[in-house]
Amino acid sequence: LVVGIVAAFVIVLLTVIFAADVFLVIFGGILLAIFIRGLSDPLHRRTGWSERTSVAIVILSLVAVLAAGGWFLAGEISGQLDQLGQEITQTWRRLREQLGELPWGRQLLGLLALSQQRLVEDGDAAARLAQAFSSSLGALASLIVIVVIGFYVAVDPQWYRRGVLQIIPPRHRARAARVLGSIGSTLRWWLIGRVISMVVVGLAIGIGLWLLGVPLALALGAIAFLLDFIPFIGPLLAAVPALLVAFAISPALAASVALLYGGVQLVEGYVLTPLIEQRSVRLPPALTIAAQVLFGVVAGALGVLFATPLTAAVVTLVQKLYVEDALGDKKSS
């Protein structure tokens with residue numbers, strides 16, 4: 001029995017590791033379904049419309065909002081992103097020229113050149129182009145699968161919930177149903193908090209950069225909005241292009257931009273996040289960053305993207321099944 005349990009655990013672990021992308025895509029679809037149901041359930045309760053009608057209205061509203069936003073902002077943001085790429089390239093060239101005038105800067109540039117040479121030796125340009133093309137197609141396919149799964153699960157989540165409960169022994173199904181409900185509630189509130197934080201951060205960064213006189217404020221605000229979905233690591237990545245653009249104008253402006261990003265993250269970390277965590281699970285920063293690194297190593301960018309909500313679900317699962325049920329500790333929940 002022990003050997004069988006260990007073997008089953010190893011098989012499941014290896015399956016998760018080697019098929020991590022598939023599991024993360026499925027999890028992304030479930031997250032999308034939870035988000036849609038989080039909007040449609042209040043509409044269903046307040047209007048008395050059927051659940052499917054409410055879900056359909058929410059889906060059509062989301063599509064309309066995305067289409068309207070794309071119609072009015074896509075051209076402007078696309079143009080600013082192109083200009084942003086040119087600005088970053090020019091800033092990098094000026095920075096290399098300035099580093100070339102310093103002894104330690106020349107050593108750093110030499111190390112970078114050596115690294116680039118090794119990358120070229122490891123594979124030719126055609127192979128890298130093919131890899132980038134396949135990665136783009138894979139990302140598009142993953143997005144389509146996430147959307148399809150999310151829509152189908154949102155239309156009838158009880159059907160899939162019953163399917164999960166049927167593989168659990170009958171005497172444990174009531175408890176399993178409550179645990180699934182707790183995980184769903186945790187993810188729902190985490191998503192609501194993330195969306196609110198993303199909107200606040202995107203608006204604050206965009207308006208702040210515009211007031212500071214930084215070019216391409218709209219594109220930089222959009223980047224901050226999107227990357228804020230990834231806690232801790234996302235805001236750091238979003239600050240890099242803004243700092244490069246500001247540094248091309250003056251070091252003082254770059255310092256002001258750094259203060260702006262730091263101030264927005266302080267407000268998010270000490271005001272928004274505590275309010276959200278009153279209804280969701282509290283994740284220590286070290287655990288969140290460790291999970292992002294771990295899932296990033298296992299599944300790449302997709303792992304980093306979904307590391308935090310997946311960790312929140314696992315923490316809730318451990319809290320309910322191990323801390324409360326196995327240890328009998330109800331007070332810590």
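Modeller: Of the contacts in the protein with a separation of 6 or more, 64% are between residues 24 or more positions apart; contact means heavy atoms within 4.5 Å. This is a predicted model, where local features need pLDDT of at least 70, side-chain atom pairs count only at pLDDT 80 or more, and totals for chains, interfaces and linings use all residues. Residues are numbered from 1 along each chain as its sequence is written, and side-chain values use heavy atoms, with hydrogens and water left out.

Biologist: How many helices and strands are there in the protein?

Modeller: Twelve helices and zero strands. Both are DSSP runs numbered from the N terminus: helices are H or I with at least four residues, strands are E with at least two.

Biologist: And how much of the protein is buried?

Modeller: Buried residues are 30% of the 333. Buried is under 20% relative accessible area, exposed is over 50%, and partly exposed is in between (1.4 Å probe, protein chains only).

Biologist: Which residues form the nonpolar patch on the surface?

Modeller: Leu140, Leu143, Ile144, Val147, Val148, Phe151, Tyr152, Trp159 and Tyr160, with about 880 Å² of accessible area together. The areas come from the Shrake-Rupley method with a 1.4 Å probe, and for residues only the protein chains shown count as cover. Patch residues have over 30% relative accessible area and no salt bridge; like charges are joined within 9 Å, nonpolar side chains (Val, Leu, Ile, Met, Phe, Trp, Tyr) within 5 Å. A salt bridge is a side-chain nitrogen of Lys or Arg within 4 Å of a carboxyl oxygen of Asp or Glu.

Biologist: Which element gives the largest share of that patch?

Modeller: α5, with seven residues. Leu143 lies in that helix.

Biologist: Switching topic: is Thr288 buried or exposed?

Modeller: Thr288 is buried, at 4% relative accessible area. Thr288 sits in helix α11 (residues 285-299).

Biologist: What is Thr288 in contact with, leaving aside neighbours within four places in sequence?

Modeller: Pro231, Phe232, Leu283 and Thr308. Ala307 is 19 residues from Thr288 in sequence, with the C-alpha atoms 7.7 Å apart.

Biologist: Where is the kink in α12?

Modeller: At Ala307, shortly before the proline Pro309, and about 50°. That bend is the angle between axes fitted to the seven residues ending there and the seven starting there.

Biologist: What follows α12?

Modeller: Gly328, with a positive phi near 75°.
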